[in-house]
Amino acid sequence: MFNSKIKRILITGGGGFIGGEVIRLLLKESNLQIFNLDKIGYASDFTGINNQIANLGKQYENRHKIIHADLTNYEQTEDAILKSDPDLILHLAAESHVDRSIDNPRIFINNNIIGTYNLLEASLKFYLNLSDERKSFFKFHHISTDEVFGALGFEGKFSETTRYDPRSPYSASKASSDHLVSSWYHTYGLPTVITNCSNNYGPWQFPEKLIPNVILKSFYNQKIPLYGDGKNVRDWLFVEDHAEAILLIASKGRIGESYCIGGDSEKNNKEVVLAICEVMDQIKPNNKPHESLINYVQDRPGHDFRYAIDFNKIYREFGWRPKFSFSESLERTVKWYLENLDWCEKIKNKANYDGSRIGLKK
Ligand code: TDX
């Protein structure tokens with residue numbers, strides 16, 4: 001998967017949903033030593049990684065080391081880089097929930113912008129001290145979102161050449177971090193690559209996002225909140241497809257480039273909710289169909305209408321396309337949540353999150 005000279009990888013935010021998936025894939029399919037820099041915030045959790053290590057065998061324990069560090073602290077960031085001595089950095093750490101960014105933008109500015117800035121500064125200092133040989137394969141891969149491009153109407157798709165037009169504090173903070181990464185490449189020569197993905201779903205996602213939120217609400221027979229008219233469209237990407245694309249770009253992506261990663265599964269929110277309700281009707285039937293729990297609620301302020309990704313560049317250059325179908329992976333995801341209700345309760349309690357509506361502050 002990787003050039004054999006690459007031995008150590010530093011992943012930021014490996015306690016998160018996507019980072020955890022990337023680490024599980026790396027454990028299975030590479031020999032790399034993995035350093036997982038995580039601030040252990042509200043959504044951080046290592047259960048999935050620990051389960052994977054337990055399944056693979058004790059000899060895998062040493063392959064994954066957690067470094068408890070906060071990117072908003074430069075010294076901690078620099079220490080983590082020196083300790084891990086990486087050949088590759090995957091930057092996934094970010095505050096990621098749009099609704100939280102509406103209520104509390106400062107946290108997003110600090111973590112996503114200042115955090116990325118500190119990581120870039122420390123990475124550049126580290127990179128400049130590497131031997132020419134190690135410099136020749138070192139890479140800094142920044143993982144970002146399609147939300148930086150703003151919102152689409154009924155037509156068109158986002159691609160690598162789409163103008164940035166973020167509209168929420170969250171997407172503005174991610175757009176800023178993308179621009180910082182790109183400027184560290186152009187100005188200082190740090191070898192960077194950026195990926196922008198569409199909405200992820202799958203096991204281990206913190207239950208504030210649409211899909212796990214709806215699964216849990218419908219399981220507990222609570223009202224399912226559908227924002228506005230439920231017609232906003234997202235392009236759903238199964239997290240295992242995303243992790244595979246990330247590692248492909250981390251190993252083969254061209255320096256200074258960006259790549260869009262999409263799920264080829266555009267659905268409006270009502271379609272997604274109805275699909276979940278249908279699976280729930282089959283595996284946990286109620287006296288009324290689960291769709292009767294749908295409750296149209298006040299719209300999200302500045303709610304982006306539609307996201308869709310044209311992933312032609314990564315397909316053209318590397319032959320990548322999503323493998324998982326939406327309906328099968330959604331069913332798998334629903335079943336996973338129902339089998340892991342204890343985990344959901346535990347992580348919600350730890351985060352002090354009771355599932356109430358957030359993100360209405362104007
Ligand atoms: O309860 C809900 N009801 C509802 O109708 C929730 C939580 C969401 N929604 C709507 C809002 C969006 O149109 O569903 C859609 C998806 O919402 P989120 O899961 O909050 O995701 P979104 O706002 O699209 O942003 C996501 O995709 C890009 C991720 O949260 C980001 O981290 C990623 O960068």
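The angle between α8, residues 210-219, and α12 is about 55°, and their axes lie 10 Å apart. This is a predicted model, where local features need pLDDT of at least 70 and side-chain atom pairs count only at pLDDT 80 or more, while totals for chains, interfaces and linings use all residues. Numbering runs from 1 along each chain as its sequence is written, and side-chain values use heavy atoms, without hydrogens or water.

So who touches whom, with contact meaning heavy atoms within 4.5 Å? From α8 we have Ile-211, Pro-212, Ile-215 and Phe-219, and they meet Phe-326, Leu-330, Thr-333, Val-334, Tyr-337 and Leu-338 of α12.

Now follow α12, residues 326-339, to its other partner here, α13, residues 341-350: these two pack at about 75° with axes 5 Å apart. That makes α12 roughly perpendicular to α13. On the α12 side, the contact uses Trp-336, Tyr-337, Leu-338 and Glu-339, and α13 brings Leu-341, Trp-343 and Cys-344.

Finally, the core. The largest nonpolar core has 57 residues, and Ile-211 and Ile-276 are among those with the most contacts inside it. A nonpolar core here is a set of buried Ala, Val, Leu, Ile, Met, Phe, Trp, Tyr and Cys residues joined through side-chain atoms within 4.5 Å, and buried means under 20% relative accessible area with a 1.4 Å probe, protein chains only. Helix α1, residues 17-29, gives the most to this core, with 7 residues.

Methods:
Axes are lines fitted to C-alpha atoms, for helices over the stretch in contact, and angles run from 0 to 180 degrees between N-to-C directions. Helices (H or I, at least four residues) and strands (E, at least two) are DSSP runs, numbered from the N terminus. Angles under 35 degrees count as roughly parallel, over 145 as roughly antiparallel, 65 to 115 as roughly perpendicular and the rest as oblique. Contact means heavy atoms within 4.5 Å. Buried means under 20% relative accessible area, exposed over 50%, partly exposed in between (1.4 Å probe, protein chains only).
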